[in-house]
Amino acid sequence: MTKQIAIAGLCCGLLTVTASGADLDIGKTLALKGNTRGATACQTCHAADGSGNAAAGFPRLSGINAEYLAKQLYDFQHGRRTDPVMQPIAKALSDTEITDVVAYFAAQTSVTAPINKDTVLIARGARLALNGLWDHDIPSCVSCHGPAGQGVGRHFPALAGQHAVYITKQMEAWRSGTRRNDPLDLMKGIAQRMPADDIAAVSAYFASLAPVK
Ligand code: HEC
Ligand code: HEC
């Protein structure tokens, strides 16, 4: 009898655990409250539903591949990606906490309205994202990030619905070398070859797309 109850308890306790072993309840608590070792509540900047903050350039996390998000937190921990705000927060998270919190955000759905409505700029960004910029040796963004910017697997993050200020900031980070975390330097080369006004256009385009999730 006691054994059966124990098994029943085990069964139901596992309901919030994903295939990767992440506990979504613990992930949610971390997102809403942070931990006691210096990780500030993620929702302060990324919002509880992971929609981020367009004006401040805090990235959307909702619907983005969990393994990609986890890699970013490890990259912040090890200095392959530098940011004065995120590095101390990432360092205050254990491996298990990282697994749990990224699974929580990856499972969220959220919508935000893009702040830039400049249709001429967005149309120019669309041409660039879909066709590339061959006189600068830049392939189309969608060849890696997916035809609708929805992301491909754990290596190529979703860009649809990501905030323009944040996208531009990342391109600048690759140019200046404060982000040096993509193994083949694919993004570094693209960012370095891309004129600033084209970066602004492509950022406005991806921000104008509805997030896939
Ligand atoms: C005080 C604001 C703030 C808080 C709190 C915060 N973040 Fe961030 N986060 C940022 C900023 C700013 C960036 C972008 C940094 C950059 O430009 O590289 C970021 C980037 C990230 C990224 C990279 C996203 C991507 O698409 O590459 C992840 C993952 C992330 N944060 C997770 C978290 C988690 C998990 C928590 C809570 C434990 C958290 N953040 C708390 C501000 C914050
Ligand atoms: C050859 C493949 C490839 C192409 C083409 C490509 N990217 Fe990427 N991109 C990547 C990879 C890989 C990453 C993830 C790097 C990492 O692990 O941090 C990435 C990441 C990004 C990120 C960071 C997203 C985040 O959540 O932090 C942005 C922004 C980005 N790419 C924009 C673009 C734009 C704009 C274009 C077109 C001009 C483009 N990419 C073309 C491979 C590519």
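Predicted model: local features only at pLDDT ≥ 70, side-chain atom pairs only at ≥ 80, totals over all residues.
Local features need pLDDT of at least 70 and side-chain atom pairs pLDDT 80 or more, while totals for chains, interfaces and linings use all residues. Residues are numbered from 1 along each chain as written, chains are lettered from A and ligands numbered from 1 in the order written, and side-chain values use heavy atoms, without hydrogens and water.

**Cavity**
- The count is 1 cavity of 30 Å³ or more, a cavity being a set of points on a 1 Å grid over the protein atoms alone where a 1.4 Å probe fits but cannot get out.
- The largest cavity holds about 100 Å³ of space, the volume being the space filled by probe spheres set on the points, which are joined across faces, edges and corners.
- Its lining has 14 residues, with Ala 54, Pro 114, Ile 115, His 163 and Ala 207 nearest the centre; lining residues have an atom within 4 Å of a point.

**Ligand 1**
- Ligand 1 is surrounded by 22 residues, the closest being Cys 42, Cys 45, His 46, Met 86 and Lys 169 (a heavy atom within 4 Å).
- Polar side-chain atoms lie 2.8 Å from a nitrogen atom of ligand 1 in the case of His 46, and 2.8 Å from an oxygen atom in that of Arg 81 (a polar contact is a pair of N or O atoms within 3.5 Å).
- Gln 170 places a polar side-chain atom 2.9 Å from an oxygen atom of ligand 1.
- Two or more residues of this shell come from each of α3 (43–46), α4 (66–78), α5 (86–91) and α9 (164–176) (helices are DSSP runs of H or I, at least four residues, numbered from the N terminus).
- The largest share, 5 residues, comes from α4.
- By class, the shell has 15 nonpolar, 4 polar and 3 charged residues.

**Ligand 2**
- Around ligand 2 there are 25 residues, of which Cys 141, Cys 144, His 145, Tyr 166 and Met 187 are closest.
- A side-chain N or O atom of His 145 is 2.8 Å from a nitrogen atom of ligand 2.
- Oxygen atoms of ligand 2 lie 3.0 Å from a polar side-chain atom of Gln 72 and 2.8 Å from one of Arg 179.
- α9 contributes the most to this shell, with 4 residues.
- Ligand 2 lies between domain 1 (2–106) and domain 2 (119–208), because both give residues to its shell; the bounds come from an automatic or database domain assignment.

Terms used: 1 Å grid on protein atoms, 1.4 Å probe; cavity = no way out; pocket = protein on both sides within 12 Å on 5 of 7 lines; lining within 4 Å. Polar contact = N/O pair within 3.5 Å; in protein donor to acceptor, adjacent residues only side chain to side chain. Nonpolar A, V, L, I, M, F, W, Y, C, P; charged D, E, K, R; others polar.
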